[in-house]
Amino acid sequence: MSDTIRDTVILGSGCAGLTAAIYTARANLKPLVIEGHEPGGQLSITTLVENFPGWPEGVQGPQLIENMKLQATRFGAEFRVGHLVSADLSKHPIELKVGSETIHTRTLIIASGASARWLGLPSEHALIGHGVSSCATCDGFFFTGKDIAVVGGGDSAMEEALFLTRFANKVSLLHRRDQFRASRIMLDRAIAHPKIEFHANTVIDEVMGVEQKEVTGLRTHNTVTGEESILNVSGMFLGIGHIPNAKMFEGQIDLDEDGYIKTHDYVFTRVPGVYACGDVQDRRYRQAITAAGTGCMAALEVEKYLEEHGR
Ligand code: NAP
């Protein structure tokens with residue numbers, strides 16, 4: 001066992017983790033933040049954030065994250081590049097393996113977030129933030145008056161498509177099958193909307209515009225007829241689900257059927273001293289501000305737990 005036992009370790013450096021870091025650092029708990037696979041979380045891949053309170057002109061996602069990190073560092077938070085290899089939550093103190101290092105901690109805040117599911121095309125990857133987005137709420141405004149595409153056949157895709165009609169001239173909804181997972185009501189709403197055009201059995205082969213650094217269209221094919229087409233759009237929104245980053249805790253804390261951490265009283269897991277906040281436990285709101293809110297709650301619970309346990 002390492003000779004240092006930490007008061008708290010925070011897994012994840014997105015909005016939830018960094019807010020937890022600010023609060024626990026200010027409480028003099030010297031939190032260690034493990035930055036994870038996607039340092040800065042989903043905000044670090046968005047552009048202008050216009051709905052985070054306190055920024056009347058908006059703030060760039062990466063800037064907001066950088067500011068939060070500076071704020072946490074100022075109060076003594078420590079950051080470690082790396083990701084969790086394994087965790088033993090049954091041990092007291094809790095044992096974490098991060099890279100080749102073993103870390104012991106009295107409490108743990110899981111803020112490992114959820115990663116948007118992507119199609120996996122190299123052209124898609126190259127154009128993230130340049131017309132390819134997984135967040136309609138964040139980026140829809142930038143497509144005012146434009147033609148755009150939404151990919152997916154579930155409620156997220158319907159919700160994104162409906163939301164984007166507020167800005168876009170036309171929304172093409174592309175789904176790889178002709179059966180939809182979306183609830184009937186959401187699907188009917190989307191079908192009835194005059195700005196939404198459905199393209200069933202449609203698979204995207206390439207997002208065009210990599211050289212120009214902006215989406216200029218989509219090269220697609222129909223899975224039934226084999227027909228290839230080009231769809232002229234300026235943006236592509238992915239609505240094909242999110243993957244919560246909680247798999248490494250399977251069997252140790254409760255996960256729901258889609259892998260989100262089940263919490264009670266906002267941030268409590270079933271293991272004392274282990275809290276979860278942000279998108280890894282929130283399948284409903286998934287906003288920067290709600291992630292920050294639960295990050296704060298987790299930090300306050302850590303303080304309370306340590307106090308109750310004589311720290
Ligand atoms: P989902 O229901 O799992 O749907 C994902 C969709 O993306 C499916 O249509 C799937 O196609 C498609 N997809 C997945 N991987 C793909 C790929 N590689 N290429 C192309 N298409 C792909 O996910 P969700 O829509 O995010 O919803 C998740 C949960 O949240 C659901 O329970 C949903 O009801 C809930 N939700 C509710 C609301 C609401 O009520 N307002 C809003 C959003 C989400 P296939 O069908 O072919 O597999």
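A crossing counts as right-handed if the near helix is turned clockwise from the far one by less than a right angle, and as left-handed if anticlockwise. Helices here are DSSP runs of H or I with at least four residues, strands are runs of E with at least two, and both are numbered from the N terminus.

The model is a predicted one, in which local features need pLDDT of at least 70 and side-chain atom pairs count only at pLDDT 80 or more, while totals for chains, interfaces and linings use all residues. Residues are numbered from 1 along each chain as its sequence is written, and side-chain values use heavy atoms, with hydrogens and water left out.

I then looked up the geometry of this pair. The axes of α1 (residues 15-26) and α7 (residues 288-308) come within 7 Å and cross at roughly 40°. The pair is therefore oblique. Axes are lines fitted to C-alpha atoms, for helices over the stretch in contact, and angles run from 0 to 180 degrees between N-to-C directions. Angles under 35 degrees count as roughly parallel, over 145 as roughly antiparallel, 65 to 115 as roughly perpendicular, and the rest as oblique.

I listed the residues in contact (heavy atoms within 4.5 Å). On α1 they include C15, T19 and Y23, and on α7 they include A288, G295 and E303. By class, the contact of α1 with α7 holds 11 nonpolar, 3 polar and 1 charged residues. Ala, Val, Leu, Ile, Met, Phe, Trp, Tyr, Cys and Pro count as nonpolar, Asp, Glu, Lys and Arg as charged, and the others, Gly among them, as polar.

I turned to α2 (residues 61-74), whose axis lies 8 Å from that of α1 at an angle of about 20°. This makes α1 roughly parallel to α2. The crossing of α1 and α2 is left-handed. Among the contact residues are L18 and I22 of α1 and I65 and M68 of α2. I recorded 8 nonpolar, 2 polar and 1 charged residues in this contact.

**The two sheets**

I traced an open sheet of 5 strands with parallel pairing, in the order β10-β17-β11-β12-β13. Two strands pair if DSSP finds at least two bridges between them. β10 (132-133) and β13 (196-199) stand at the edges with a single partner strand each, so one side of each has no neighbour in the sheet. β12 (residues 170-174) pairs with β13 over 4 bridges, and V171 stands opposite I196 in β13. I also found helix α5 (residues 155-164) lying across β11 (147-151), β12, β13 and β17 (235-238), at about 165° to β11.

The other sheet I examined is open and antiparallel, with 3 strands in the order β14-β15-β16. Its edge strands are β14 (202-208) and β16 (228-231). Neighbouring strands of this sheet are turned by 25° against each other on average, direction ignored. β14 and β15 (residues 217-222) share 6 bridges, and L218 in β15 is the bridge partner of V207.

The contact takes 8 residues from domain 1 and 9 residues from domain 2.

Finally, I checked two backbone details. A cis peptide bond with omega of about 0° joins H92 and P93, and P93 is in the loop between β6 (84-88) and β7 (94-98). K30 is not a glycine, yet has a positive phi of about 45°; K30 is in the loop between α1 and β2 (32-34).
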